[in-house]
Amino acid sequence: MTGSQDFFGIDHQTSGNGSITPGAPVHNIAQTPIMESGNPFDKLTIPSEARNQQIVGHPGESVPDSRFKILLALDGTEAGDLAFNYIMGKHGFSPRDCHIFLSTVLPANVLGGPWISGPLTIDSKKQNELLKQLRHQAVERMNPYRKKLQERGYEVTMHVLHGEARASLLKVISYHKCDLCVIGKRNRGWKKGLSSGTVTSYLVSHSPVPVLVVK
């Protein structure tokens, strides 16, 4: 496969073992990480494994232009389920005419989130192992959503990456050439995720395609 010097880089490696999703191509992509800020010192703290991402299913370039491409953002919160249930609720979407891209954005540093417990510092090898495990776990947790969508008749691709949620989702939208982004809006008091107000507001203001916010 040939590529161009874009956000996702040019190193596309495809595994056909189907260990996670039988029959679906698995793409492990080396990226130029969007979590890199303008401060060159910040780049030194980014683990190498955080520069990788995983796509299970067909990327947008392999999906016919005749299909309506929908990015469905999931983050493990009730808001993500709201967005998912909206798609499942037959709100004007025809499964045979649509392709769903399930996407979630994980932390770029396992020491940067409140969910991690243990020592304050770990070596880079262990941190890279944990980031890789996070990606695999995310794919496994997204699988039930994928299966339900497929039972409804949708074709589905899962995309897991690390970084800052707002910029990451915008890049995923562009990479797969999506026509619509569907995201849930969390209520006050829900845990922070892709569905936080800052993320949804940013997407509404900066997305190159319409954003449907489900409340």
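## Basis of the model

The model is predicted, so local features need pLDDT of at least 70 and side-chain atom pairs count only at pLDDT 80 or more, while totals for chains, interfaces and linings use all residues. Residues are numbered from 1 along each chain as its sequence is written, and side-chain values use heavy atoms, with hydrogens and water left out.

## Overall fold

The chain has four helices and eight strands, where helices (H or I, at least four residues) and strands (E, at least two) are DSSP runs numbered from the N terminus. Read along the sequence, these elements follow the pattern β-β-β-β-α-β-α-β-α-β-α-β. Among contacts (heavy atoms within 4.5 Å) between residues at least 6 apart in sequence, 74% join residues at least 24 apart.

Of the 215 residues of the chain, 47% count as buried; here buried means under 20% relative accessible area, exposed means over 50%, and partly exposed lies in between, with a 1.4 Å probe and protein chains only. The chain exposes about 11,100 Å², of which carbon and sulfur atoms supply 50%, and such areas come from the Shrake-Rupley method with a 1.4 Å probe, counting for residues only the protein chains shown as cover.

## Nonpolar cores

In soluble globular proteins, nonpolar side chains tend to be buried together. A nonpolar core is a set of buried Ala, Val, Leu, Ile, Met, Phe, Trp, Tyr and Cys residues joined through side-chain atoms within 4.5 Å. The largest core has 31 residues, and Leu72, Ile87, Ile100, Leu102 and Leu149 touch the most other members. At least two residues of this core come from each of β4, α1 (78–88), β5 (98–106), α2, β6 and β7 (180–184), and α2 gives the most, with six residues.

A second, separate core of 18 residues includes Ala73, Val172, Val209 and Val211.

## Salt bridges

Side chains of opposite charge can pair when their charged atoms come close. A salt bridge is counted when a side-chain nitrogen of Lys or Arg lies within 4 Å of a carboxyl oxygen of Asp or Glu, and by this rule there are three salt bridges. In one of them, the side chains of arginine 135 and glutamate 49 meet at 2.4 Å, N to O. Arginine 135 lies in helix α2 (residues 124–152) and glutamate 49 in the loop between β2 (26–30) and β3 (52–56), so this pair ties together parts that are 86 residues apart in sequence. Arginine 135 is buried, with a relative accessible area of 5%, and glutamate 49 is also buried, at 14%.

Glutamate 155 forms a salt bridge with arginine 67, with the closest N and O atoms 3.5 Å apart. Because glutamate 155 lies in strand β6 (residues 155–162) and arginine 67 in the loop between β3 and β4 (68–73), the pair ties together parts that are 88 residues apart in sequence. Glutamate 155 is partly exposed at 36%, whereas arginine 67 counts as buried at 17%. Arginine 166 and glutamate 164 also meet in a salt bridge, at 2.8 Å, N to O.

## A loop residue

Glycine 153 is placed in the loop between α2 and β6 and is partly exposed, with a relative accessible area of 37%. Leaving aside neighbours within four places in sequence, glycine 153 is in contact with Pro95 and Arg96.
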